[in-house]
Amino acid sequence: CGRLPNLEMNRKEKKPAGTDELMKQARAAWDEFDFDEAERLFKLVGAQGCAEAFYQLGKLYYYDADEAKAPAFYRRAANMGHARAAYHLGNLYMDAECGLKKDMAKAAKWWRVAAKADIPEAQVNLGVSYQDAEGVQQDYSKAAYWYSRAAGQGKPEGIHNLGNLYRKGLGVPQDDRKAFELYKAAAKCGVANAQFSMGLAYADGRGTRKNMKLAALWYERAAAQGQEQACCNLSNMYLDGEAVQKDVRKGMELCRKAVEQGEPNAQCNLARYHQRGKHVRRDIKRALELYRLAARQNQEVALFRLGELYEIGRHVPKSVSRALYYYRRASKFGGEDAQRRLGDLYRTGKGVKKNLKTAFMWYKRAAEHDDADEDSLFSLGRAYWHGEGVAQDQALAKRLIRKAAKAGCKAAQRFLAARGLR
């Protein structure tokens, strides 16, 4: 910040005090909760064009004084090139704090200023903005660039987020092994999300050999930090006794912990337990409440369950139109069961105008899933066999139906047996 041309006498030592000394006195006053004196000294230094003083004033107002004044001082410091001030100003716009309206475009603008000055937290935030299209146009390559910049400075969150891009092949070549190595580096730094990702990698065998015991170990570490997805997955393992000693009490504790944090999969699981009276007392009202909470977050199983309940009129007034609404929402998020059920409704004309072409479309979408189940394969095969909504192709139909039968679909087995097919 340089030296002050106009000097103030040090109150204790009665000698001229320079900028650095005044900043030291201001911080000391702040530490002693003498906010008025800290404010006076920071302003005195700021008047001489010191960006750091304006930044400290922004922090003082934000944490201990009049927070509505914080943005103005952060902005003054940022406009003078203070990178940390720019980063904090971006955060205020993101969180709609200190009287500012939420504005992700302005948040990204200030994070970019800080990111270019190598503030790693800003680089991570800017990467998230590009990944999620918040305040900027979605650009996975730019997200990867900023995560890489942060990772290069050892920022664990940047390392983890870069791993996510490699796992999904977004902005970088898809590489499970690279993702796993990045997760491991971030997890060793104690990042809960990275520890969860390690658990998931071991559970799915992506980038490493499948190992459910190691999956449980990493879930445990993440759950100990309150990571809600880890709590949910670990809950399932304790309830099923998978790679851990079965412990229903602990499993339900973890499930409720995840639900309290709004984890949609846990909400759906607890809803199912209340609906069936499994592990907890049967409580249909609570089950519906939890299904709806999960559905608001587009949890596809919860959306499908609500569709089922409305279709058959169980626990709720029967309404095929409401069922269609939930099935369509579930299908948008990859719900195979919902897609197949939509096919069934349009094929039979139950509660909706019969339309075999639309039925075929839904059966085809359901069967196109990489891990499509046998019922979806049979439904599509049956459509090809009868030429329902599509040109008849019995050779293709037999291949699909035989595959479904081999996977254990009873309807497919009966279909083949009735026609003397193997």
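Helices here are DSSP runs of H or I with at least four residues, and strands are runs of E with at least two, both numbered from the N terminus. The views below show a predicted model, in which local features need pLDDT of at least 70, side-chain atom pairs count only at pLDDT 80 or more, and totals for chains, interfaces and linings use all residues. Residues are numbered from 1 along each chain as its sequence is written, and side-chain values use heavy atoms, with hydrogens and water left out.

**View 1. Two histidines with positive phi in loops.** His-315 sits in the loop between α17 and α18 (320-332), and the loop between α15 and α16 holds His-279. Phi is near 70 degrees for His-315, a positive value in a residue other than glycine. For His-279, too, phi is positive and near 70 degrees. As background, most residues other than glycine have a negative phi. His-315 has a relative accessible area of 33% and is partly exposed; in this legend set, buried means under 20% relative accessible area, exposed means over 50%, and partly exposed is in between (1.4 Å probe, protein chains only). His-279 is partly exposed as well, at 31%.

**View 2. Helix α15 and its surroundings.** Welcome to an enclosed helix: ten of the 13 residues of α15 are buried, so the rest of the structure largely encloses it. The helix covers residues 264-276 and reaches 18 Å from its first C-alpha to its last, close to the 18 Å expected at 1.5 Å a residue. That expected span is 1.5 Å times one less than the number of residues in the helix. Among the buried residues are Pro-264, Cys-268, Leu-270, Tyr-273 and His-274. Together, the buried residues of α15 pack against α13 (228-240), α14 (248-260), α16 (284-296) and α17 (300-312), where a contact means heavy atoms within 4.5 Å.

**View 3. Leu-270 in the largest nonpolar core.** The largest nonpolar core has 135 residues, and Leu-270 is one of the four that touch the most other members, along with Phe-42, Tyr-219 and Leu-234. Such a core is a set of buried Ala, Val, Leu, Ile, Met, Phe, Trp, Tyr and Cys residues joined through side-chain atoms within 4.5 Å. Setting aside neighbours within four places in sequence, Leu-270 is in contact with Met-252, Cys-255, Val-259, Val-280 and Leu-290.

View 4. Cys-232 is buried, with a relative accessible area of 3%. A disulfide is a pair of cysteine sulfur atoms within 2.5 Å, and by this rule the structure has zero disulfides. For Cys-232, the nearest cysteine sulfur is that of Cys-255, 6.4 Å away.

View 5. The 13 residues of α18 should span 18 Å at 1.5 Å a residue, and the end C-alpha atoms are 18 Å apart, which agrees. Its buried residues include Val-320, Leu-324, Tyr-326, Tyr-327 and Arg-329. The packing partners of the buried residues of α18 are α16, α17, α19 and α20 (356-367). Just after α18, Gly-334 has a positive phi of about 85 degrees.

**View 6. Gln-339, a buried residue of α19.** Helix α19 (residues 336-348) contains Gln-339, which counts as buried at 6% relative accessibility. Not counting residues up to four places away in sequence, Gln-339 touches Ser-331, Trp-362, Arg-365, Ala-366 and His-369.

**View 7. Helix α12 and an arginine over a tryptophan ring.** Trp-218 is one of the buried residues of α12, a group that also includes Met-212, Tyr-219 and Ala-223. The buried residues of α12 pack against α10 (176-188), α11, α13 and α14. The charged end of Arg-221 sits over the ring of Trp-218, 4.5 Å from its centre; for this, NZ of Lys or CZ of Arg must be within 6 Å of the ring centre and within 35 degrees of the ring normal. A second example has the charged end of Arg-322 over the ring of Tyr-310, 5.7 Å from its centre.

View 8. Beyond four places in sequence, Arg-206 touches Arg-167, Gln-174, Asp-176, Phe-180 and Ala-201. Arg-206 and Asp-175 are 31 residues apart in sequence, and their C-alpha atoms are 9.5 Å apart in space.
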